[in-house]
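I opened the model to look up a few packing details. My notes follow.

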Amino acid sequence: MTESVSSTVDNSVPGASAPAPARADRRPQQRGGRGRPAAPAAARPAREVHPVLAQLATLHPTLFGATVLPLKRGIYQDLLALHGEALDKAGLKVALAIHTRSTRYLNAVAAGAPRHDLQGAVVEAMAPGHVFHALVEVFKRKKPRDGEDLQAKLRRRMALAFIDSGLSREAYLESLQVRDADTQALLDAALDEVAEQDAKAEAVHRAYVASGSGDVHAFAEMYGMNAHTVMRQLHRAGQLQAARQAGEA
């Protein structure tokens, strides 16, 4: 089963304008019968869980329980083949749609977790396009805290998702098929930042090779750099070199 998620993102800047101060309520306090204070409003009832989802959480707690894992394609047919007598077909379709559109599930996809079968075994890597669109949808649903820049966080997550994909910029963009202009602009900014950092990583790698040091810590100290940062840059430069060689093969 393939997830269907929105590829749009809310580009409003949180905290752009402060709300006007609330006016003092001068009305007398509402009171119940015989002068008693009115009873507080009833708490919102807990959201009911779809009965088939409750079944699935019992049958496959690793996939549908307290934690969730991305599902393999064709999981609907697998569930019917295994539990056909116990599961309602129409209800199963609805339950899976609810599950795969939930924020919990989208978070798992956005993190790049692979797809799993009913036994909890990994069967397939998550496609870069599914990771990206799940990530955008998760951030679309977020409510910013005071002073929080959700767009900056989303841009950083987009950059990491691109790096994890192992694709070239052209191949990555082709795999996503982004149709929203604002989302595309945010993605372009993220990819530009990655390109800038990659250029620095490759420059550090060239300097490291030319130095003949062979010792990252000594090299970093020689140039007044952080050794852990240098190690990350050298690792990234190696990934880029390997990707180029694979593309030429």
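At what angle do the axes of helix H8 (residues 169–176) and helix H9 (residues 181–211) cross? I found roughly 160°, with the axes coming within 12 Å. That makes H8 roughly antiparallel to H9 (angles over 145 degrees count as such). I noted the crossing as right-handed (the near helix is turned clockwise from the far one by less than a right angle). Axes are lines fitted to C-alpha atoms over the stretch in contact, and angles run from 0 to 180 degrees between N-to-C directions. Helices are DSSP runs (H or I, at least four residues), numbered from the N terminus.

The model is predicted: local features need pLDDT of at least 70, side-chain atom pairs pLDDT 80 or more, while totals for chains, interfaces and linings use all residues. Residues are numbered from 1 along each chain as its sequence is written, and side-chain values use heavy atoms, without hydrogens and water.

Next I checked H9 by itself. Its 31 residues should span 45 Å at 1.5 Å a residue (1.5 Å times one less than the number of residues). The end C-alpha atoms are 45 Å apart, which agrees.

I then listed the buried residues of H9, among them Leu186, Ala190, Val194 and Tyr208. Buried means under 20% relative accessible area, with a 1.4 Å probe and protein chains only. These residues pack against helices H6, H7, H8, H10 and H11 (contact is heavy atoms within 4.5 Å).

Last, I looked up histidine 83, in helix H3 (residues 75–83). Histidine 83 counts as buried, at 14% relative accessibility. Leaving out residues up to four places away in sequence, histidine 83 touches Leu59 and His60.

Key. Helices (H or I, at least four residues) and strands (E, at least two) are DSSP runs, numbered from the N terminus. Angles under 35 degrees count as roughly parallel, over 145 as roughly antiparallel, 65 to 115 as roughly perpendicular and the rest as oblique. Buried means under 20% relative accessible area, exposed over 50%, partly exposed in between (1.4 Å probe, protein chains only).
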